[in-house]
Structures are given as structure tokens and as C-alpha cells.
Amino acid sequence: MGCRQRPDHQDPSRSTPVKSTVETLSPTRVRLAIEVPFVELEPSLKKAYREIGQQVQVPGFRRGKVPAAVIDQRVGRGTVLNEAVQEAIPQNILAAVREHDLKTLGRPEVEITEFADGDSLNFTAEVDIRPELTLPDLSTVEVTVDELKIDDSEIDEQVQSLRERFATLKTVERAAGEGDFVQIDLNATVDGEEVPGGSASNLSHEVGSKQLLPGLDEAVVGLAAGASTTFTTQLVGGDYAGRDAEVSVTVRTVKEKELPQLDDEFAELASEFDTMAELRDDVSERVTQGKRVEQIYAARDKALEQIVEATEVPAPEGVVREEVESRKAAMVDQLERVGASMEEYLAAEEKTEEQIDTELTEAATQGVKIQLLLDTVADAEEIQVSDDEFGHEIVHRAQRAGVAPQQFYDQLVRSGAAGAVYGDVRRGKALASIMDRITIKDAAGEAVSLDALRAENEAAHAHAE
């Protein structure tokens with residue numbers, strides 16, 4: 001998310017304080033007015049000449065040895081000045097932020113108000129800042145969650161799911177019905193022309209699963225081995241996307257699923273237990289543990305919502321805007337990966353783009369407020385992140401991304417995102433601190449214990465090992 005705190009290390013190259021003033025625009029936004037004397041632009045100007053000199057090729061001069069006057073003639077003094085200014089602005093914003101002890105968030109919006117060759121550079125930078133929050137007494141926060149109730153039907157559902165995994169398929173001499181597995185051949189045409197990639201042989205398909213083409217399940221119900229039929233479906237990808245295709249389907253075989261008997265023999269086959277009673281007890285424990293976790297997640301969400309409201313956390317508009325843009329870009333990227341577009345998604349969901357933007361803005365606003373709250377708790381409690389804790393998070397994220405931990409960390413450093421990961425770990429510790437101090441009860445008034453859940457988790461892990 002977009003909340004990034006200022007770096008903590010001073011810049012040893014800056015010996016004089018920057019000339020700046022700060023104007024408060026709102027509890028979450030300030031405008032810095034910064035003046036940089038031309039003499040202080042000299043280091044950036046020299047660097048600009050060096051870098052441009054490395055890029056231009058002038059007959060009679062070695063690359064990197066082109067005199068400044070020649071560079072001015074070839075690319076223009078204005079180009080060099082612009083390079084210098086673009087490098088100097090972030091450095092001076094950082095110096096002003098430190099001078100005024102601001103905790104900035106997101107990217108600043110910069111406007112150059114006055115600059116000429118040889119004169120001072122004057123510019124403004126509007127930037128979001130972390131608001132000052134007054135936290136409530138966390139020990140007074142109380143949330144209520146649903147009671148923990150387990151129905152036999154929930155145990156039955158889990159056992160049935162396990163039973164399905166050990167099902168076998170048996171060829172039958174009858175027409176296909178819902179739940180059967182069929183081997184099929186498919187061939188799609190549009191206006192009599194074969195669709196590229198529209199043919200497939202010997203595909204396995206579960207009737208009723210709706211895993212392949214729309215209309216296929218309805219077409220094969222009632223067909224026996226060797227029978228064929230045709231149906232019409234709308235194509236969603238390729239050159240013919242959006243067009244109606246005529247699809248012929250031939251059933252090669254029909255197989256029905258045979259489920260094992262739910263007896264002690266099945267318990268031995270499907271688990272480490274000798275009897276169905278033991279297996280059901282284990283399933284009951286797992287369902288119970290899952291519901292306890294759900295209780296804690298519900299308590300977390302309610303507690304954060306309650307504390308954010310009590311603290312009256314404001315949401316910095318710039319940070320929220322960046323977060324919405326990021327979430328929307330991720331949504332578009334995800335849709336493209338499955339061969340869909342935002343227009344198709346909106347049509348399927350029966351929503352307008354404005355509705356999606358509103359939903360994203362609401363979610364991003366609440367997310368940013370929660371981050372600000374957790375940062376404030378972390379500061380108030382002086383929460384630190386150890387090297388081990390940071391390292392464990394890097395390893396965890398690297399595993400999820402499918403890359404080596406060192407490679408993942410190097411990518412974070414190159415992209416400047418390592419600090420954001422550090423912040424996430426710190427906020428996680430702040431959240432744990434909140435959860436340890438609030439009171440959680442169920443609808444019957446019984447206390448819900450985090451310690452009990454942790455003990456159960458540790459026991460479960462030990463049992464698994």
C-alpha cells in the first residue's frame with residue numbers, strides 16, 4: 001500500500017540547512033516552499049555535465065571528456081540545467097522534510113515557481129503527511145463475534161469431500177448424466193470455417209462442472225458412447241472472440257464415479273486413523289480450529305473498524321488516489337492474464353466503471369486509515385523489527401513468488417520496496433499487540449482466548465510434524 005515513512009538517515013553531503021517554509025493545508029497534507037541558491041546547484045550541474053558528456057559523441061573528444069561549452073552548443077545549456085534541477089529537487093525536498101520533522105507519505109507534487117540560469121531555484125512541493133492521532137485506551141475496546149457452533153452436517157461435508165478424493169471411475173453402457181465423466185471430441189466452426197485451436201480429441205470432462213464451453217454440459221446429457229450432437233456457444237478468446245460458434249461433440253466413453261464405503265477400512269485408507277469414529281473426531285477438531293480462526297479474523301476486523309472510528313483517522317487523499325490506481329492496475333492485469341477485459345468484467349458483474357472506482361476508493365480509504373493507525377501504535381509502543389523477523393518475511397514472500405530469497409531481496413532493494421516490507425512486518429506486530437489487549441467475546445458472552453488458539457495451533461503443528 002502507499003504509506004511510506006521518511007528515511008531515518010541524515011545526508012552527510014548536506015552541510016547547510018535548506019531554506020524552506022511549511023504551510024499546513026489539512027491534517028494530512030502540507031505545502032513546502034523551498035529556495036535553493038544557484039551556488040548549491042553546482043554539484044548537480046557538474047553531475048549533469050558528466051552524465052550528458054558520457055552520452056554525446058563529439059568528433060575530436062573522447063566520450064566523457066567533452067568540455068561544458070561544447071555540450072552547451074550541442075544539447076543546449078537549458079537541457080543541462082533541467083537535468084540538474086530534476087536531480088536537486090528530490091534532495092532538497094528530503095532536506096526540508098527532515099528540517100521540519102515531517103512524516104511524509106506517497107509522492108510529492110512539485111511546481112517550479114521561479115528559476116533562471118544563475119538565479120535561485122524556487123519551487124513548491126505538496127505532500128501527504130502522517131496525521132497526529134490520539135489513541136484510545138485499547139484495554140477498553142470490546143468486540144463480539146459469532147458463537148463457535150459445529151453441526152454434524154459440516155463434519156459430513158468434510159468427510160464426503162475426502163471420500164470424493166478416493167472415488168474410482170467405472171465405464172458404463174448408458175447415456176451420460178450429471179456427475180458422470182465423459183471422454184469427448186470437440187470441433188468448433190464459425191460460418192462453416194474451422195476455428196484455429198477449436199478442435200480437441202479425447203478430452204476428459206465432468207458433466208455439470210461447467211469447466212469447458214458454455215452449453216456443453218446440457219449437450220452431452222443423454223448421449224451414450226459413440227453418439228454426437230451440436231450446440232451453439234459464444235467464443236471468449238482468439239480471433240473469433242464474441243462470435244457464435246457451432247460446436248460438434250462426440251462422446252467416446254461414459255464413466256460413473258464409484259465412492260468407497262464410509263467404514264473403518266476407508267478410515268485406514270484415507271487417513272492415519274484406524275476407525276471412522278477417530279477420523280470424524282479429527283475432522284471435527286480441524287473444523288473447530290478453522291472456526292476459531294474465523295472468530296479471530298472477525299474480531300480483528302471489528303476491532304480495527306472500531307478503533308479507526310474512535311480515533312477519527314483521516315485518510316490522505318494523495319495516498320488513497322495512488323492506492324486506487326495501484327489496485328485498479330492490478331485488477332486489469334489479472335483480467336488480462338485470463339484473457340478478459342475490464343469491459344467484459346463490468347458486463348458480467350453488471351456494474352459501471354464508476355461503481356468499481358467507488359468500491360476501490362472505499363476499500364483503499366479504509367486500508368490507508370488502518371495503516372496509519374497501526375503505524376501510530378507501533379510508534380507509541382516503540383515496536384522494532386529484528387533481522388530474524390524481517391528475514392522470515394522475505395523468505396515467506398520469496399516462497400510465494402517462487403524465487404530464491406536472496407534474489408527476491410535484491411529485487412526489493414533495486415525497486416526501493418524493502419522499506420515497505422519492513423513497514424508491513426512492523427504493522428503486523430502492532431496488530432498483534434492490539435489483539436492481545438482488547439476483549440473478545442462471543443454472542444453468548446463467553447470470552448474468546450487468543451492464547452488458547454495459539455496453543456491449539458502449536459499442538460496441530462507439532463502433531464503434523
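How are α7 and α10 oriented to each other: roughly parallel or roughly perpendicular? They are roughly perpendicular (65 to 115 degrees). This is a predicted model, in which local features need pLDDT of at least 70, side-chain atom pairs count only at pLDDT 80 or more, and totals for chains, interfaces and linings use all residues. Residues are numbered from 1 along each chain as its sequence is written, and side-chain values use heavy atoms, without hydrogens and water.

**Helix pair**
- Helix α7 spans residues 276–311 and helix α10 residues 353–380; helices are DSSP runs of H or I with at least four residues.
- Their axes, lines fitted to C-alpha atoms over the stretch in contact, come within 10 Å and cross at roughly 80°.
- Leu304, Glu305, Ile307, Val308 and Thr311 in α7 meet Gln366, Lys369, Ile370, Leu373 and Leu374 in α10, with contact meaning heavy atoms within 4.5 Å.
- Those residues divide into 6 nonpolar, 2 polar and 2 charged.

**Domains and record**
- Automatic or database assignment gives domain 1 (19–128) and domain 2 (168–258).
- Over C-alpha atoms, 65 Å separate the two centres.
- An unreviewed UniProt entry lists "domain: PPIase FKBP-type" at residues 174–232.
- That span is 8% helix and 49% strand (E, at least two residues), and its end C-alpha atoms lie 25 Å apart.

**Confidence**
- Mean pLDDT (predictor's confidence, 0 to 100) is 88 for the protein chain, and 93% of residues reach 70 or more.
- Strand β5 (residues 142–145) is highest at 95, and helix α14 (residues 450–464) lowest at a mean of 62.
- Residues 1–15 stay under 50.
- Where pLDDT is low, the predicted coordinates should not be read in detail.

Definitions and conventions:
Axes fitted to C-alpha atoms, helices over the stretch in contact; angles between N-to-C directions. Parallel < 35°, antiparallel > 145°, perpendicular 65-115°, else oblique. Nonpolar A, V, L, I, M, F, W, Y, C, P; charged D, E, K, R; others polar. UniProt positions renumbered as here; feature names shortened; annotations may be inferred.
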